[in-house]
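Please open the model in your viewer and keep the selection tool at hand, as each stop of this tour names something to select and then describes what is there.

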Amino acid sequence: MAGKRAALKAIDWLAFAERVPPNQRAMFNNLKTRSDAIGAKLSSLPEKPVTIDWSFYKTNVARAGMVAEFESKFSALTIPEPKDTATAAINTQEAEANKAAVAYVEASKARIGQYEKELEKFQNMIPFDQMTIDDLNDTFPETKLDKEKHPYWPHKPIAEL
């Protein structure tokens, strides 16, 4: 069973460490140390608890019915294992996070395409020292001044300055 416990709870610490930001490295190291200590303690325990030798106690305890009473109570004792109520919620959160990640990757690829077009525009434009005002206004339309709508300098609304 110790092998099963280790197999079920195996953590890829190297992959985990790659995702930890530098400012949280100390907390990560504390978590790993604590996890290793708990894992070592669990692995040192036997798979099944040690059986009680009731016959030894029956011969050595002076009170007559005390050991039989303890034995009956001990055999009647059952410790329920907690039910797993969080796995379903975690799996749905994981599925939602995966969908969001895929959507983010697709949106990022679209942004990369736009940025590559913009970069190509900058690489193919006339150098600034050779541009005229008309070339500048054609390349960057936001720099064009509207002298008809705003005839006085700075030819832009004050709110945009």
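Begin by selecting Glu 69, which counts as partly exposed at 40% relative accessibility, where partly exposed is the range between buried, under 20% relative accessible area, and exposed, over 50% (1.4 Å probe, protein chains only). Before moving on, note that this is a predicted model, in which local features need pLDDT of at least 70 and side-chain atom pairs count only at pLDDT 80 or more, while totals for chains, interfaces and linings use all residues. Residues are numbered from 1 along each chain as its sequence is written, and side-chain values use heavy atoms, with hydrogens and water left out.

Glu 69 and Lys 73 both lie in helix α5, 4 residues apart, or about one turn of the helix; helices here are DSSP runs (H or I, at least four residues), numbered from the N terminus.

How many salt bridges does the structure hold? There are 3 salt bridges, and another is found by selecting Glu 71 together with Lys 58, whose closest N and O atoms are 3.3 Å apart. Glu 71 lies in helix α5 (residues 66-76) and Lys 58 in helix α4, so the pair ties together parts that are 13 residues apart in sequence. Glu 71 is partly exposed, with a relative accessible area of 26%, and Lys 58 is partly exposed as well, at 48%.

For a further salt bridge, select Lys 32 and Asp 36, whose side chains meet at 2.9 Å, N to O. Lys 32 and Asp 36 are separated by about one helical turn, because they are 4 residues apart in helix α3 (residues 25-44). Lys 32 is partly exposed at 27% relative accessibility, and Asp 36 is partly exposed at 37%.

Next, turn to the aromatic rings. Rings of Phe, Tyr and Trp (its six-membered ring) pair if their centres lie within 6.5 Å, and planes under 30 degrees apart count as stacked, over 60 as edge-to-face and the rest as tilted; by this rule the count comes to 7 aromatic pairs. One of them is formed by Phe 56 and Tyr 57, which are edge-to-face at 5.4 Å centre to centre, with 75° between the planes. Phe 56 is partly exposed, with a relative accessible area of 44%, and Tyr 57, which is found in helix α4 (residues 54-60), is partly exposed at 40%.

Then select Trp 13, Phe 16 and Phe 28, which form one aromatic cluster. Phe 16 has its place in helix α2 (residues 13-18) and counts as partly exposed at 35% relative accessibility. From Phe 16, draw a distance to Ser 44, 28 residues apart along the chain: the C-alpha atoms are separated by 25 Å.

Finally, view the whole chain. The domain assignment, which is automatic or from a database, gives domain 1 (7-44) and domain 2 (51-78), and 42 Å separate their centres, taken over C-alpha atoms. Colouring by pLDDT, the predictor's confidence in each residue from 0 to 100, goes with a chain mean of 87, and 94% of the residues reach 70 or more. Confidence is lowest in helix α1 (residues 2-8), at a mean of 49, and highest in helix α6 (residues 87-124), at 95.

Conventions. Helix = DSSP H or I, 4+ residues; strand = E, 2+ residues; numbered from the N terminus. Salt bridge = Lys/Arg side-chain N within 4 Å of Asp/Glu carboxyl O.
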